[in-house]
Amino acid sequence: MDSGSILRLSLRTGPDRQIKMKNYSEELKIKLLLWIAAAAMFMQMLDGSVLNTALPSIAKSFGENPLQMQAAVISYLLSVAIFLPLSGWLSDRFGVKKVFLFAIAGFTFGSFLCALSGSLFTLSVSRVLQGMGGAFLVPVGRLAVLKVYPRSQYVNVLSFMVLPALIGPLIGPVLGGFLVQYASWHWIFLINIPVGVCCFFAAAYLMPHIERESNVASFDFKGFFIFDFALLLLFAVGSSRSILSGFSNNWFLLFALIFVCVYVIYARKKQDALFNLEMFKIPSFSLGIAGNLIIRLVGGALPYLAPLFFQTALGFSPSKAGATLIPMGLTAIFAKTFAAKLILKLGYKKFLISNTIILSVFIMMLAFVKISTPYYLIIILFAFIGMANSLQFTAINTLALIDVPNKFMSGANNVLSVSFQVSMSLGVALAAVLVEKTPFLMKSFAIVSLNTGISLLYSFHITYIIIGLLSISGSLIFIFIPKNAGNNVKETDVY
């Protein structure tokens with residue numbers, strides 16, 4: 001072989017070739033990272049919706065009242081709310097990859113413990129551990145993606161990561177109903193284990209190394225513990241009597257409010273507080289959070305109530321109950337295709353007031369659903385509820401953040417996420433209390449005879465009416481939205 005041939009061969013197989021292979025490998029890892037983060041988000045969103053359909057079967061297995069199983073749902077939601085503010089600081093302090101792997105491991109191990117649970121108490125404790133991992137899965141996975149992708153691709157990658165959030169709640173009720181009816185309720189948690197193991201090893205091998213922040217700001221642990229103690233007291237309010245018997249919910253609620261006030265006083269005096277109260281001086285943000293707290297009560301109550309309503313009051317099988325919620329998920333996805341144009345055309349104020357009233361009317365129409373109601377009418381009603389609900393959440397999320405300056409954006413996003421989890425928790429607790437206590441209240445006010453009482457179906461009807469009226473009251477908040485709110489927002493900024 002002559003020297004020229006050797007030179008040409010070295011050019012094809014030498015350092016340049018290795019550099020190209022290395023760049024290709026890194027590019028492939030970055031692309032696969034997006035899929036790993038999306039898969040982790042899908043796993044978390046799926047778990048959040050798959051449990052509701054299985055609650056009657058789990059209650060039967062534990063010997064519990066299916067109307068008193070809310071602790072299994074609330075424990076997860078509040079656990080996410082409690083640990084969520086830590087996600088950003090831990091990622092900067094220990095590295096995105098380590099925290100993401102911890103999140104997957106914690107969520108998967110929590111799922112395993114949930115499957116082994118033999119009582120409502122052990123299930124609720126296991127859900128707390130699962131929620132700890134779930135609190136980090138979505139924000140840290142999103143952070144990893146944003147750190148490796150250029151800003152010019154943010155819209156595309158974030159749009160891709162929204163898909164699991166839409167598909168998870170669509171598949172969850174159906175999958176939960178199918179597993180419960182044809183296998184056992186344990187499989188709604190066991191199914192997370194192989195997915196979690198695959199995500200863990202894929203992330204360990206494929207996730208590119210992301211440098212830790214060199215100057216990590218101190219974390220407000222004092223404010224963190226004050227605020228989280230208030231959340232724990234709220235969990236006590238929403239828990240069933242089988243877990244916290246002998247304690248008055250009124251006392252728990254009172255102390256929760258006291259600790260919220262203590263945090264407000266503390267945060268006003270501290271510059272680097274966990275949640276900077278300065279952001280609440282922004283009208284669109286404070287109104288968005290207030291509206292979020294009330295409207296999300298409905299968002300938490302409906303997914304919890306509907307499967308119970310179908311199975312305990314209408315006599316649906318678990319699989320039929322899950323399938324009935326498919327149109328709700330489909331129309332929620334469909335609404336995303338025109339939400340931005342509609343919201344920006346009407347304006348936030350006009351849109352939120354009108355859509356809140358429409359959503360509330362749809363919810364109250366559930367009070368007319370009986371065993372004899374044609375199945376297709378139930379499908380249509382839940383389809384419209386899903387569409388209105390999706391439009392509502394899109395508008396509120398965007399309203400809360402449209403006028404927030406960059407220096408407050410991280411904290412504002414955390415506040416919005418925490419308020420979402422807390423409001424969903426309170427929605428589940430409120431729905432459970434209303435269904436259980438409606439017969440007692442009706443008898444106390446002599447609306448029905450003490451001898452005849454009222455049926456479970458009627459209890460659900462009254463609950464839907466009360467929740468609908470509460471939702472309408474939330475529209476009063478949106479009257480105060482400034483007319484110029486969102487004037488500079490583009491369609492790509494609405495999510």
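Author: Contact here means that heavy atoms lie within 4.5 Å, and by that rule Ser 284 of this predicted model touches Leu 399, Ala 400, Ile 402 and Asp 403, leaving out residues up to four places away in sequence.

Reader: Where does Ser 284 lie, and what makes it count as buried?

Author: Ser 284 lies in helix H12, which covers residues 283–313. Its relative accessibility is 1%, and because buried means under 20% relative accessible area, Ser 284 counts as buried. Between the C-alpha atoms of Ser 284 and Phe 480 there are 9.1 Å in space, although the two are 196 residues apart in sequence.

Reader: How do you know that Lys 281 and Glu 278 meet in a salt bridge?

Author: The distance between their side chains, from N to O, is 3.2 Å, and since a salt bridge asks for a Lys or Arg side-chain nitrogen within 4 Å of a carboxyl oxygen of Asp or Glu, the pair Lys 281 and Glu 278 qualifies. A search of the whole structure finds one salt bridge.

Reader: Why is Lys 281 called exposed, and why is Glu 278 called partly exposed?

Author: Exposed means over 50% relative accessible area, so Lys 281, at 61%, counts as exposed. Glu 278 has a relative accessible area of 40%, which falls between the 20% and 50% limits, and therefore it is partly exposed.

Reader: What makes Arg 127 buried, and which residues does it touch?

Author: Arg 127, found in helix H6 (residues 120–148), has a relative accessibility of 2%, and because this is under 20%, Arg 127 counts as buried. Apart from residues up to four places away in sequence, Arg 127 touches several residues, including Asp 47, Tyr 76, Cys 114 and Phe 189.

Reader: How do you know that Asn 192 makes a polar contact with Ser 111?

Author: The side chains of Asn 192 and Ser 111 make this contact at 3.2 Å, and since a polar contact needs N or O atoms within 3.5 Å, that distance meets the limit. Asn 192 is in helix H9 (residues 192–206), and it counts as buried because its 3% relative accessibility is under 20%. Its contacts beyond four places in sequence include Met 43, Asp 47, Phe 107 and Gln 130.

Reader: How many disulfides does the structure hold, and what are the states of Cys 114 and Cys 261?

Author: The structure holds zero disulfides. Cys 114, with a relative accessible area of 0%, is under 20% and therefore buried, whereas Cys 261, at 46%, lies between the limits and so is partly exposed.

Reader: How many helices and strands has the protein, and what percentage of its residues is buried?

Author: The protein has 19 helices and zero strands, and buried residues make up 51% of its 495 residues. Of the contacts with a separation of 6 or more, 84% join residues 24 or more positions apart.

How values were computed:
Residues numbered from 1 in each chain as written. Predicted model: local features only at pLDDT ≥ 70, side-chain atom pairs only at ≥ 80, totals over all residues. Heavy atoms only, no water. Buried < 20%, exposed > 50% of the residue type's maximum accessible area, 1.4 Å probe, protein only. Helix = DSSP H or I, 4+ residues; strand = E, 2+ residues; numbered from the N terminus. Polar contact = N/O pair within 3.5 Å; in protein donor to acceptor, adjacent residues only side chain to side chain. Disulfide = S-S within 2.5 Å.
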